[in-house]
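Reader: I'm new to this one. Can you show it to me and take some quick questions?

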Amino acid sequence: MKDSIISIKDISKIYRVGEVETTALDKVSFEIKKGEYVAIMGPSGSGKSTLMHILGGLDQPTSGTYILDGQNVESMSGDQLADIRNRKIGFIFQAYNLLARTSSLKNVMLPMRYGDIPIEECRERALKYLKLVGLENRVNHLTNQLSGGQQQRVAIARALSMNPAMLLADEPTGNIASAQADEIMDIFAKLNKDGHTIVMITHEPDIASHAHRVITIKDGKLISDKITKRK
Amino acid sequence: MDHRELIGESIGTLLLNKMRTGLAMLGIVIGIGSVIALLSIGEASQKSITAQIQSLGANILTVSPGAERNGLVRGVSGGGTTLTYDDAMALSSDKTLTAIKTVLPIYNSRSQIVYSASNTNTQVYGITPEYLSARNIKVATGANFNQSDLNSITNVAIIGPTVLTSLWGDSAQDSDALGQNIRIGALNFTVIGVTETKGGGGGNNQDDLVYIPLSTAQKKLFGVKYLSSIIVETTGQDVMTQAMNQIGYTLLDRHHIKDVAKADFSIRNQQDMLNAVSSVTGTLTSLLSGVAAISLLVGGIGIMNIMLVTVTERTREIGLRKALGAKNRLIIIQFLMEAVMLTFIGGIIGILVGVIIAYIYAKSTSGLFIVSISAVFLAFFVSTIIGIVFGWYPAQKASRLQPIEALRYE
């Protein structure tokens, strides 16, 4: 337990619309250890997005416990969650979600500014991570001047900037041409090798095959949890 | 994040959509601009009217013939014939009237003034020698007449600088007129002095006057026995009421009138005239400011509208910012800052526009140009407050968005 980054136990999420109750997650439990590279798979409607939101501190479970890097998350307030998201989680979204018409550098600096890191250090760290993802020549480019793959790499640099406990990627290659998707997967592999914990939500088996462990969700239930590769 | 960074960011965001930013600001610019223009023009016109009234001299009471009908409607000044030179003499010679310093009987009327081929039509004032010094009118060139001129009813005249240029041309020197003969009405007069330029516009131009001895005006020129008015200078501003009483009772007694309500003259105070003018300009200014305030309100609603649109448009951005760790307070500050920047910059432009309008107005009416400093401060304050008030609801709305809902928003 000591080295687990994520520990969820009996997590359920029930949406209530009027009289109708929909169970999106039904008592899901698992642990993810530091340095793991995990893919969470499932068809659409399986509840994997809901799980991703809960893991990312964007939403709260209806019941169950969630310990992220030693902290109980399930009962935190909005601003406490914002702090957790800022310091513990590096988000990588399918649609990149960069600030439009803003430079790569500023985008990468944004979470660090919210984390009250001095501006000079923000700049240094942003440059370092942009270099890590191979965008040292695109530092001052505006996001709309970059290709999809490049935008996603800016997003990865942004996710790394606060040195989070885990990277949480939601269909990271969903909007990207396959050649560039491979680049993204290479970066993920390299980051994992350097010790970063990666949790990736996807419905594509060949993307999931890059991970070392695959958790499969269906109809809100965990149906399989397999180690697929040894490091 | 510090405030300087937020200000920079919000200005950057506003610049991304210049057209919309400009239109949103327009309401504030018009509102603030009209407040500044109106208050500045109001203050300037009040100052110039006050200066005009005060230039007539301090501690002055004006006794006019004709009854004070009911405080609002009064017989036309100079319309009555009830005041005489003897009334004025009675006021000045009675040593028991302690509040009275100088008594200036006047008969004035319009007349045609002719010098060789030039002529002009202006006010001719029949006065006593004390008049000019008591009213702060200086003879720039030449001399005032004296009591013996009055006694012997001589035909001498002191002219104002406007009369000089009317008769002798625009480049005339005072010395051109001295000793020359001009014709007033049917009589010839010798010019013995030219007064200093005093200014004053409209129907109250104190430079466009001719002064002659009162006796000459009454007996020779116009053939009347009465006065247009008696101006009384009191010994101080603290004795104005006392002076009004002393004048009133002396004249009532001389005119054998027992009932004050039936008095055949009226006494007016400079302060009364000032108060009347101030109250009129004050009412006008506050009325117009009210209209301007309504336009500011409309401008503020425009700001709120545009901020609500902005919040909706940027739902995904707000979701992202929250996902990356922005706390609610920071989202509120960000959107409030944008609204305040809109109104604050709008306010600055409005102040400039208002000042320019006030300047153009002053130039075109050759009046005073005053920038109402209190109005400028008020405008800064009000425009900022409008930003906070009308930006508050949209900012709250932005901060309450749930990050997942916002991220999903298309």
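This is a predicted model: local features need pLDDT of at least 70, side-chain atom pairs count only at pLDDT 80 or more; totals for chains, interfaces and linings use all residues.

Reader: How many residues does the contact take from chain B and chain A?

Author: Chain B gives 15 residues and chain A gives 18 residues. Two residues are in contact if their C-beta atoms, placed from the backbone, lie within 7 Å.

Reader: Which element gives the most to chain B's side?

Author: α11(B) does, with five residues. Both α11 (315-323) and α14 (403-408) of chain B supply at least two residues each to that side. Helices (H or I, at least four residues) and strands (E, at least two) are DSSP runs, numbered from the N terminus.

Reader: And what lies across from α11 of chain B in chain A?

Author: The buried residues of α2(A) pack against α11 of chain B, together with β4 (63-68), β5 (71-72), β6 (89-92) and α3 (104-114) of chain A. Those buried residues of helix α2 (78-88) are A:L81, A:A82, A:I84, A:R85, A:N86 and A:K88. Buried means 20 or more other C-beta atoms within 10 Å of a residue's own, with C-beta atoms placed from the backbone.

Reader: New topic. At what angle do α3 and α9 of chain B pack?

Author: About 135°, with their axes 10 Å apart. Axes are lines fitted to C-alpha atoms, for helices over the stretch in contact, and angles run from 0 to 180 degrees between N-to-C directions. α3(B) and α9(B) are therefore oblique to each other. Oblique covers what is left once angles under 35 degrees (roughly parallel), over 145 (roughly antiparallel) and 65 to 115 (roughly perpendicular) are taken out.

Reader: Which residues meet there?

Author: B:D87, B:A90 and B:L91 in α3(B) meet B:I247, B:T250, B:L251 and B:R254 in α9(B).

Reader: Now β9 of chain B. How many of its residues are buried?

Author: Five of six, in strand β9 (229-234).

Reader: How many bridges join β2 to β9 in chain B?

Author: Six, and β2 (100-115) runs antiparallel to β9(B). Strand β1 (60-65) of chain B is also antiparallel to β9(B), joined by four bridges. Strands pair if DSSP finds at least two bridges between them.

Reader: Where does B:V232 come in?

Author: B:V232 in β9(B) stands opposite B:L61. B:V232 is also the bridge partner of B:V103.

Note on methods
Residues are numbered from 1 along each chain as its sequence is written. Chains are lettered from A and ligands numbered from 1 in the order in which they are written. A residue is buried if 20 or more other C-beta atoms lie within 10 Å of its own, exposed if 12 or fewer, and partly exposed in between; C-beta atoms are placed from the backbone.
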